[in-house]
Each structure stands twice: as structure tokens, then as C-alpha cells.
Amino acid sequence: MDNDVQGFETLAIHAGQEPDPTTGAVVPPIYQVSTYKQDGIGGLRGGYEYSRSANPTRTALEVCLAEIEAGARGLAFASGLAAEDALLRTVCRPGDHVIIPDDAYGGTYRLFAKVAEPWGVSFDPAPLGDVAAVRAAVRPDTKVIWVETPTNPLLAISDIAALAGVAHEAGALLVVDNTFASPYLQRPLTLGADVVVHSTTKYVGGHSDVVGGALVVADAGLGERLAFHQNAMGAVPGPFDCWLTLRGIRTLGVRMDRHCANAERVAEMLTRHPAVRSVLYPGLPDHPGHEVAAKQMKAFGGMVSFRMQSEEAAVRVCERTKLFTLGESLGGVESLIEHPGRMTHASAAGSPLEVPADLVRLSVGIEDVEDLLRDLELALS
Ligand SMILES: *Cc1c(COP(=O)(O)O)cnc(C)c1O
């Protein structure tokens, strides 16, 4: 894009998405193709030879992702975990050490515990909201500090700029899983992070109709190494999945505004409800990460978690809502409710990352907020 066009929503709608030069189509076509005609051996038109290596619909998505995260290079993957795996195997080797959040997403924890550790990469969970604790957890062989902020499902906040300082002092990379905030609310690369990870399945795609992942990096050299692994390991998304994800990105800004506004109302109602023990939402002034969140995020996001008096009470709420659909995942236009202990985070049971049994997690959608409040009130009654 031209240097004078920088606004987020403008980039989301135009970056990588110039009208098609042959037909004028204003939306990048779905290039549902595996291979490309060569004009003589090695004579590629536009650099495409085989769609695992590159595909024009994926290129459109990757260019857009890089621009909206203010990075040098974006790379799309078949899922968020495929992106995490490609990153791990590019920047770590057996013998290296990684610090992860002590309440990381369950699938990220499983990747470290069951795949990376047997491969030879060790890891330690640490409370990443506590900069001194992270500094204390750093070892000479630490290669990566892996941050989620806000975390899934406890909505803990960590200070990206401060942790970038800790990582770089130690010669390590700061990786930020930006799935919960989305680049509309928070751009970690502008705060000093080296790599941004996304499950584009969530807010970026935004319609619960596609699974995908992405990496965006500040350094073009690291981008090249990741692109090599993306092709060599092959966990790429298909053209239609890329097209759906790009379609989601165009409305990310307006969707997030509504997600945040609705979540604020829901959090406020829950704090006043007698059946609710505590509410975890970084927008609440008494949330321990509120000040840092206010500093590094544009608004506080669409995810709200809360604790009930018991596991039974938590399960009961999850099974009683009607508009909030009981289901895993998050970030779609429709509201979802779940019990992390038995659902999304069941893989962390018995580990240091086990989540409280009385916890309920909401992905607050963009429906009419009065309907959402009524649904929760009835389920809590
Ligand atoms: C869902 C999720 C992932 C994993 O992404 P998939 O697309 O499901 O593979 C990673 N991190 C966070 C924070 C998530 O919510």
C-alpha cells in the first residue's frame, strides 16, 4: 500500500487485495488450483509453480496479514497449531528452552508437553503478568518467551514491551499469541515482539466457518526461514480457506468494536450478579492487568470468563443458556459459552496449567446485547 494509507480498516480492506488486473474483480478470486503453466522450464508467471509453495489467494491473505500486524512478512497455515508447530521447529532445536504462560491455551500446552518436549525442547510455565518472575525463569538456553495476552481462558494480561526487553536481554525471541486481542486491538510487533501467532479460526476469520493459523514476523530474514519450513513441512491452508479468512478480515474492525462493547456490558452485569463469585475481564478496573491492558490495547476484547461457587453451578449455567451456544472455539459473530475444565482445556487436566473447575468462559458475540444479558440472567437464576 502507499505509505500515506495506514489506517487499520483501510489496510484490512485493501492490502493484498488490488482489483484483479485481468477482470477488474474487486475481490481476489479463489485460485482453486494446484499447479501453473510454465512458459519454458523455469519460466514462471508471477512466481507461482505449485500451490503448496504459493497460491495467489494465499498470497493476498499473507500480504494483508503482514500489513494489519505491521510486520515484514505474513505466513498462513492450515490451523493455529500448525503455525505454532512450524514456528517452534524453525526457531528451536533440541536442547533449547522455552517459557510459556502458566495458563496457556490447552492446545499450545499439549504441543509443548507432548510434541516439543519429546523432541528435546524443554519448557517452563511462568506467570507472564509478573515481569520479575519471567526474568527469574530465563535460563542460558532460553530461546523463546511465548506470551498470550489476554490468556485463554483466564484473561491474564502481560506487558508486551517489558517482556520484549527481558527476551532481548537474554538473546531470546518474544512470541505473542495475539488470537484473543486481534490486530485491531493490539499490535505486538509495534511493541517490540518478534513474532505474532494467530489462530485465524477465531476473531480474524470471525464467522466460525474456517480453521486457520498465521505467523507474522518483524524480521524479513526470519520470514524467509519460516516460508522455507512452511513449504517443506506443508501445513498450508487451501485457497477457499484463505478466501474466507480474508473476507473475515475486511470487517474485523467493526466486528471487534461490537464484541468489545457487548462484552463490557456482560462483564458489568456479571460483577453485580449474586450467583457469580468473580469476573475475569481486563476492562474491569480491579483486574490486575487493567492498566497494562489499557496501555497496550485499543479496547478490552470480547472474551469474558467468570467463576461460580462450584463446578456444578458452572456446568449448570453452561447447559442453560439458549442464545449463548454451548461449544468450543471463540471469536465468531455468535455468542458461545463453555466449561474450560471439561472442554477446551481438558488436555491440561492434572498439569500445572489445570484451570479452575468453577470457571465459565464466554465468547460474547455481536447480537443485540439486551438479548444476551437476558439469556445469561435466566441461565444464572
Ligand atoms: C484456538 C487457539 C489456538 C489454536 O488454533 P487452532 O486454529 O485451533 O489450531 C491457539 N491459541 C489460542 C489462544 C487459541 O484460542
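In what order do the 5 strands of the open sheet stand? The order is 8-9-12-11-10, and the pairing is mixed.

## Model and conventions

This is a predicted model: local features need pLDDT of at least 70, side-chain atom pairs count only at pLDDT 80 or more, and totals for chains, interfaces and linings use all residues. Residues are numbered from 1 along each chain as its sequence is written, and side-chain values use heavy atoms, with hydrogens and water left out.

Helices (H or I, at least four residues) and strands (E, at least two) are DSSP runs, numbered from the N terminus. Two strands pair if DSSP finds at least two bridges between them.

Strand 9 (residues 303–307) and strand 12 (residues 359–363) run antiparallel and are joined by 5 bridges. Here Ser305 stands opposite Arg361 of strand 12.

Helix 10 (residues 252–272) lies across strand 8, strand 9 and strand 12. Helix 10 runs at about 10° to strand 9. Axes are lines fitted to C-alpha atoms, for helices over the stretch in contact, and angles run from 0 to 180 degrees between N-to-C directions.

## His339

His339 sits in the loop between strand 11 (336–338) and strand 12. Is His339 buried or exposed? His339 is buried, at a relative accessible area of 3%. The cut-offs are under 20% relative accessible area for buried, over 50% for exposed, and partly exposed in between (1.4 Å probe, protein chains only).

Which residues does His339 contact, leaving aside neighbours within four places in sequence? They are Glu311, Ala314, Val315, Cys318, Thr344, Ala357 and Leu359. Contact means heavy atoms within 4.5 Å.

## Helix 10 against helix 13

Two packed helices are described by the angle between their axes and the distance between the axes. Helix 10 and helix 13 (residues 369–380) pack at about 30°, with their axes 10 Å apart. That makes helix 10 roughly parallel to helix 13. Angles under 35 degrees count as roughly parallel, over 145 as roughly antiparallel, 65 to 115 as roughly perpendicular and the rest as oblique. The crossing is right-handed: the near helix is turned clockwise from the far one by less than a right angle.

Helix 10 contributes Asn262, Arg265, Val266, Met269 and Leu270 to the contact. Helix 13 contributes Val369, Glu370, Leu372, Leu373, Leu376, Glu377 and Leu380. The contact residues divide into 8 nonpolar, 1 polar and 3 charged. Ala, Val, Leu, Ile, Met, Phe, Trp, Tyr, Cys and Pro count as nonpolar, Asp, Glu, Lys and Arg as charged, and the others, Gly among them, as polar.

Another open sheet has 7 strands in the order 1-7-6-5-4-2-3, with mixed pairing. Its edge strands are strand 1 (73–77) and strand 3 (122–126), each pairing on one side only. Neighbouring strands are turned by 20° against each other on average, direction ignored. Helix 6 (residues 160–169) packs on this sheet and touches strand 4 (142–148) and strand 5 (173–177). The direction of helix 6 makes about 145° with that of strand 5.

Strand 4 is mostly covered, with 6 of its 7 residues buried. Strand 4 pairs in the parallel sense with strand 2 (residues 97–101) over 3 bridges. Strand 4 also runs parallel to strand 5, joined by 5 bridges. Val144 of strand 4 stands opposite Val98, and the bridge partner of Val144 in strand 5 is Leu173. Strand 6 (residues 195–199) and strand 7 (residues 213–217) pair in the antiparallel sense over 5 bridges. Val196 has Val216 as its bridge partner in strand 7.
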